[in-house]
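Hello,

Here is the structure I promised to pass on, with some notes on what turned up in it. Have a look at it first, and then read on.

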Amino acid sequence: MDVDGGNKRVYNRLGADAKHQKVCFHWQAGKCNRYPCPYLHSELPSSHANGTSSKRPYENSGFSGPRRSPNFNTWGRGGGRGGGGGAGGGRGVVVKADKVCNYWIQGNCSFGERCKFLHSWSVGDGFSLLTQLEGHQKVVSGIAFPSGSDKLYTGSTDETVRLWDCQSGKCMAVVTLGGEVGCMISEGPWVFVGIPNFVKAWNTQNSMELSLNGPVGQVYALVVINDMLFAGTQDGSILAWKFNVVTNCFEPAASLKGHSRGVVSLVVGANRLYSGSMDNTIRVWNLETLQCLQTLTDHTSVVMSVLCWDQFLLSCSLDKTVKVWYATESGNLEVTYTHNEENGIVTLCGMHDSQGKPILLCSCNDNTVRLYDLPTFAERGKIFTKQEVRAIQTGPNGIFFTGDGTGQVRVWNWIAEPTTTGQ
């Protein structure tokens with residue numbers, strides 16, 4: 001699957017969301033000695049939010065996450081969360097250069113804090129790198145954290161699944177599958193792995209292992225709802241299996257046809273199944289009848305990832321946009337806001353920061369992961385990688401995982417910011 005399209009131009013952060021930020025008054029006085037400083041070292045330009053205007057406002061909508069729900073009637077409007085305040089208050093970040101120092105990576109940069117390039121794998125608000133997990137030789141294509149398990153599962157196009165001990169960070173086992181891992185999810189004690197022509201299913205509690213056949217080509221996406229497992233495949237089909245409690249196995253249930261090319265993303269919400277495809281469309285399926293209700297055609301390139309946020313559907317594409325969809329009175333989805341990036345977008349993930357505020361993680365094919373406050377899309381931070389991140393997974397207690405094209409898995413966590421004074 002080609003996900004390397006799109007320009008590699010440097011993203012101009014100030015032109016995108018600078019109006020949400022605050023100028024450092026120490027810098028204005030000529031005596032700021034902090035690097036990276038969380039405030040601007042430039043005067044604010046008269047820029048606007050990065051995206052197109054909403055077609056109309058939507059009120060009384062919230063994020064159906066496990067914590068608090070903000071009002072989503074101001075998508076992409078910076079004034080919704082304001083530019084400053086306490087931890088995670090919607091302010092952006094500032095760096096001297098949007099590039100990690102190559103000499104620092106090699107351990108021999110002589111400039112130290114005076115270096116104009118970053119000596120860090122991230123910049124931003126309230127999150128930090130815990131550890132790096134080394135072992136995979138190729139792209140990390142799936143990450144799973146099964147319920148009740150103390151093991152992290154990662155899959156790669158190097159044809160292996162690795163099991164990591166969450167306490168020590170050590171690799172406890174390597175499972176060779178004989179095919180590239182296209183995706184991986186967990187549901188309860190089960191771990192599901194998509195490989196060419198099969199879905200592997202492991203029960204982490206009783207060590208049961210199943211092979212589900214039927215897919216044609218690579219399995220790119222998996223999702224579970226109501227004891228049904230759905231798999232998006234290379235030939236454009238979506239296969240479904242039903243779990244039989246009596247026989248303790250998955251039985252073929254249906255095949256959903258409609259996409260003309262591979263299905264690379266699946267998500268479930270509001271009794272609907274949403275599928276994103278290489279044919280540039282999103283299809284909306286009724287979970288009871290398994291019939292296609294609507295085909296969304298606003299994207300102009302591969303729909304890489306789809307995400308449900310209560311009444312909203314978010315989608316990203318190699319066309320360099322994140323689109324926010326909302327149901328009209330007729331029940332059909334239409335775009336209510338479009339967020340633009342300088343590069344193609346590979347995957348989306350939603351979570352809450354340490355203050356319970358919703359954050360969108362947006363992996364781009366310029367080897368960065370952008371973190372945005374929602375609903376304003378004000379930038380909270382940025383993660384840098386050697387190659388693009390294909391897999392992002394949330395964990396308990398503010399932990400999240402990223403897996404990149406070099407095979408590296410990183411573990412991050414949201415931390416409470418200490419109260420600061422003087423700004």
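Predicted model: local features only at pLDDT ≥ 70, side-chain atom pairs only at ≥ 80, totals over all residues.

**The overall picture**

The protein has three helices and 29 strands. Of its 423 residues, 55% are buried. Among contacts with a separation of 6 or more, 47% are between residues 24 or more positions apart. The accessible surface is about 18,000 Å², and carbon and sulfur atoms account for 46% of it.

One part to look at is an open sheet of four strands, in the order 3-4-5-6 and with antiparallel pairing. Its edges are strand 3 (140-144) and strand 6 (171-176), each of which pairs on one side only. From one strand to the next, the twist averages 20 degrees. As a reminder, strands of a sheet pair through backbone hydrogen bonds, either parallel or antiparallel.

Strand 3 and strand 4 run antiparallel and are joined by four bridges. If you want a pair to find on screen, the bridge partner of Gly142 is Gly155 in strand 4. These two strands form a hairpin with six residues between them. In that turn, Gly148 has a positive phi of about 75 degrees.

On to the next pairing: strand 4 (residues 151-156) and strand 5 (residues 160-165) are antiparallel too, over five bridges. Thr154 stands opposite Arg162 in strand 5, and Tyr153 stands opposite Leu163 in strand 5. Strand 4 is mostly covered, with five of its six residues buried.

That brings us back to Glu159. Strand 4 and strand 5 form a hairpin with three residues between them, and Glu159 is in the turn. The phi of Glu159 is near 75 degrees, a positive value in a residue other than glycine.

Asn197 is placed in the loop between strand 8 (190-195) and strand 9 (198-203). With a relative accessible area of 35%, Asn197 is partly exposed.

**Charged pairs**

Side chains of opposite charge can pair when their charged atoms come close. The count here comes to five salt bridges, and I will describe some of them.

Asp353 forms a salt bridge with Arg380, with the closest N and O atoms 3.1 Å apart. This pair links distant parts of the chain, 27 residues apart: Asp353 lies in the loop between strand 23 (345-352) and strand 24 (358-364), while Arg380 is in strand 26 (residues 379-384). Both Asp353 and Arg380 are buried.

Which other residue meets Arg380 in a salt bridge? That is Asp373, at 2.9 Å from N to O. Asp373 is buried, as is Arg380.

Another of the salt bridges is formed by Asp366 and Arg370, whose closest N and O atoms are 3.0 Å apart. Asp366 has 18% relative accessibility, and so it counts as buried. Arg370 counts as buried because its relative accessibility is 1%.

**Two more spots to check**

A cis peptide bond joins Leu374 and Pro375, with omega at about 10 degrees. Pro375 is in the loop between strand 25 (368-373) and strand 26.

Finally, take a look at His339 in strand 22 (residues 333-340). Its side chain makes a polar contact with the side chain of Glu341, at 3.0 Å. His339 has a relative accessible area of 1%, so it is buried.

Enjoy exploring it, and write back with any questions.

Best wishes

Terms used. Residues numbered from 1 in each chain as written. Heavy atoms only, no water. Buried < 20%, exposed > 50% of the residue type's maximum accessible area, 1.4 Å probe, protein only. Contact = heavy atoms within 4.5 Å. Areas by Shrake-Rupley, 256 points an atom, 1.4 Å probe, with all protein chains shown as cover. Polar contact = N/O pair within 3.5 Å; in protein donor to acceptor, adjacent residues only side chain to side chain. Salt bridge = Lys/Arg side-chain N within 4 Å of Asp/Glu carboxyl O. Pairing = 2+ DSSP bridges. Axes fitted to C-alpha atoms, helices over the stretch in contact; angles between N-to-C directions.
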